[in-house]
Amino acid sequence: MDNEQKFCQSCGMPLTPEILGTNADGSPNEEYCIYCYKDGAFTDDLTMEEMVESCAQFVDEYNKNTGQSLTQEELKSMLRQYFPNLKRWQLPADQLPPATSPIKQQLIDEVNALGIKGMPHIDNLFVLQGSFVNMEYTINGNKVKLLDGNATYWGNQVERQGADGRCFGIACDEHYILVSEYGKDGADAELVVFTRR
């Protein structure tokens with residue numbers, strides 16, 4: 001067994017079995033994490049500099065995990081030196097897997113087709129951990145959670161039009177589309193749509 005620590009070849013995150021990306025057939029991908037690579041394609045079409053900006057937002061988490069105390073700018077500078085060593089940023093574009101999974105665009109179209117009142121047009125979905133989006137709803141007097149906390153979903157959060165501070169949360173996979181509405185930090189979550197695809 002190879003015990004050498006592997007890192008995502010797109011964002012540099014340490015690869016552990018539970019965050020491995022997935023190939024088109026659903027099998028684990030040993031090179032990329034689930035946040036960068038799902039269903040046989042990259043989850044977003046980013047340049048290396050955009051990936052640096054995206055990862056640098058998590059500077060607090062990075063410092064906590066490494067015991068360092070870098071500023072966001074220091075982390076960016078470090079990532080700019082590190083990323084060129086990763087496979088995604090070395091390969092010519094024509095040898096890279098596709099940048100967006102076919103199911104992602106399909107799900108975006110299906111969510112927009114729901115025509116939910118007050119929900120702005122969705123133009124992107126991101127990979128989110130189930131535990132992060134698995135809210136509790138009251139249905140027929142019972143409190144229930146509808147998602148799998150260990151799975152990953154294509155999702156997004158958008159502010160409800162009318163700016164009353166409430167948001168719509170979207171979580172989809174190949175079987176279901178869930179849209180909920182909630183206040184600050186997920187307060188008073190209400191189920192808007194839960195439909196089988």
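This is a predicted model: local features need pLDDT of at least 70, side-chain atom pairs count only at pLDDT 80 or more; totals for chains, interfaces and linings use all residues.
Residues are numbered from 1 along each chain as its sequence is written, and side-chain values use heavy atoms, with hydrogens and water left out.

Next I looked up ring pairs. Rings of Phe, Tyr and Trp (its six-membered ring) pair if their centres lie within 6.5 Å; planes under 30 degrees apart count as stacked, over 60 as edge-to-face and the rest as tilted. I find 5 aromatic pairs by this rule. Y82 and F83 form a tilted pair, because their centres are 6.1 Å apart and their planes at 45°. F83 is buried, at a relative accessible area of 0%, while Y82 is partly exposed at 30% (buried is under 20% relative accessible area, exposed over 50%, partly exposed in between, with a 1.4 Å probe and protein chains only).

Y176 and F194 are stacked, since their centres are 5.1 Å apart and their planes at 15°. This pair links distant parts of the chain, with Y176 in strand β10 and F194 in strand β11 (residues 190-196), 18 residues apart. I number strands (E, at least two residues) as DSSP runs from the N terminus. Y176 is partly exposed at 28%, and F194 is partly exposed at 35%.

Ring pairs also link F42 with Y32 and Y37 into a cluster.

Technical notes. Helices (H or I, at least four residues) and strands (E, at least two) are DSSP runs, numbered from the N terminus.
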